[in-house]
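Hi everyone, thanks for coming. I'd like to walk you through one structure today, so let's bring it up on the screen.

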Amino acid sequence: MFKTLQTYKLIFLRLIFIVIGIELSIYFFKIGLLFTGIFGLCMVFLLGREMYFYVRNLVLIYNKTISSILQNDFTSDFSKHKFNKSYDDLFQLYETLKNKHNEQISKDIIYRSILNNIETGVVILQKQETDWNIFLMNDYFSRHFNVPKVSKWKYLKNQLPSLCEIIEKDDFHEIKTSIEISINEQNKQTFVLQASRTEIFEQDYFIVLLDSIQNVVEKKEKDAWINLMKVISHELLNSITPIRSICQNLEDLVEQDSLSTEDLEDIKHSVQTMLRRSDHLQKFIEGYRKLAMLPSPKKEKIDLKDLIQNCLQIMNPMFRKENIEIENLISLNYAINVDQQQIEQVLINLMTNSINALENITSKQITISAEAKDNRVFIKISDNGKGIEKEIEDKIFLPFFTTRNEGTGIGLTLSKNIIEAHGGYILHNTKNEKTTFEICLIDEY
């Protein structure tokens, strides 16, 4: 504001000088100083010309800057006009918008690069009045469906009518379904279609995602096989390596002409070690069979309170032995439809984990609670033990993963599989120095 007033003052001073120059020229003409009057008029002309170009320059700079901002044209360079202090704020606004514009362009390039490198077909539509335009189509979609990067919905509809008809049938509303699409007149392939609609700054967008079911399944299978092979190879090597070493030692011993008492003791210990490792391998294989051959749940209607009480009675000797205080907060009589033996196995596994977590804890406590809401039953088992380290939080449900030397590593995996077979889920969290495992079962009544 201050700088604008300064500009007005400069213009006003120029006007005063021009008026004074005209008055003096008229005065000189009146007193007969003809040449002096003519000189005064020349000076007035020069002052007027200078004022014209000064104002013209100000208006041109202003118009050019405002026009650049309105048209998102940030290619101009106003550094040569920095001497004009009147427009410092305007130039600063231009530079700020220019930096934000460049930052936005950089983000758009990065986002488009990310979208173009994912193995999911992505199409984003933007509504223009009553029609839809293609705002973005990533490279995977264009390449996989052999569709050029068109700009209009009607052109895409000509290329992929089966996809577009489903979207139009639902009137461009949220969709989550599977769809069969024929590519290049070949056999149909099945894809997972997910679509959502959103409004941003009064602009209507429709986002379409297409994933090949085969790719999704193959990726999950590949990850599962990699994890399984890591576990199996680890367990096999842990057993085979010492057995092979023992066998080599035994081979050297039996090749001797005579065996001493010490040699016989070595043979005895070696055989015992091989038996232990063989037993470990057998338990490992039995654990794998339990996971791979889990029977379908035979559901029946049972009382939740009685189910918990049965588990507590089974575990009571271990609770007394470890001096653990049990807090049973379940008081509601609520019927659930489950396989009693399988759910008891899950609860016993979780209680056993809590007992192990309470090792070396002075005041040991396990709390069991339950609630029913939104057609679901939530059973929680909490303990004040040492908790789960963050480094292994994402591994505790992996098959054969364990932190205990005597553990099999299938308890939590088996529990997870049983709960999922019942249509529910199991998760854990640590809060207020307590670790809680929560079972969610869908209430079918």
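This is a predicted model: local features need pLDDT of at least 70, side-chain atom pairs count only at pLDDT 80 or more; totals for chains, interfaces and linings use all residues.

The protein has 11 helices and 12 strands. Of its 445 residues, 32% are buried. The accessible surface comes to about 29,200 Å², and carbon and sulfur atoms account for 53% of that. If we take contacts between residues at least 6 apart in sequence, 56% of them join residues at least 24 apart.

Now to the sheet I like here. In what order do the strands of this open sheet of 5 run? Going across, we read E7-E9-E10-E12-E11, and the pairing is mixed. At the edges sit strand E7, residues 325-328, and strand E11, residues 425-431, each of which pairs on one side only. On average, neighbouring strands of this sheet are turned by 15 degrees against each other, ignoring direction.

Two helices go with this sheet. Helix H9, residues 304-321, packs on the sheet and touches E7, strand E9 (365-373) and strand E10 (376-383). The direction of H9 makes about 180 degrees with that of E7. Helix H10, residues 340-357, lies across E9, E10, E11 and E12, and runs at about 25 degrees to E10.

Let's zoom in on strand E12, residues 434-442. On one side, E12 pairs with E10 in the antiparallel sense over 8 bridges; here Asp383 stands opposite Thr435 of E12. E12 is also joined to E11, again antiparallel, by 7 bridges. E11 and E12 form a hairpin with 2 residues between the strands, where Asn432 takes a positive phi near 55 degrees.

How much of E12 is covered? Mostly covered is the answer, with 7 of its 9 residues buried. As a reminder, in a regular strand the side chains alternate between the two faces of the sheet.

Last, the cysteines. How many disulfides does a search of the whole structure find? The count is 0. Are Cys164 and Cys440 buried or exposed? Cys164 counts as buried because its relative accessible area is 0%, and Cys440 does too, because its value is 1%; the cut-off for buried is under 20%.

That's my tour, and I'm happy to go back to any part of it.

Methods
Residues are numbered from 1 along each chain as its sequence is written. Side-chain values use heavy atoms; hydrogens and water are left out. Helices (H or I, at least four residues) and strands (E, at least two) are DSSP runs, numbered from the N terminus. Buried means under 20% relative accessible area, exposed over 50%, partly exposed in between (1.4 Å probe, protein chains only). Contact means heavy atoms within 4.5 Å. Accessible areas come from the Shrake-Rupley method with a 1.4 Å probe; for residues, only the protein chains shown count as cover. Two strands pair if DSSP finds at least two bridges between them. Axes are lines fitted to C-alpha atoms, for helices over the stretch in contact, and angles run from 0 to 180 degrees between N-to-C directions. A disulfide is a pair of cysteine sulfur atoms within 2.5 Å.
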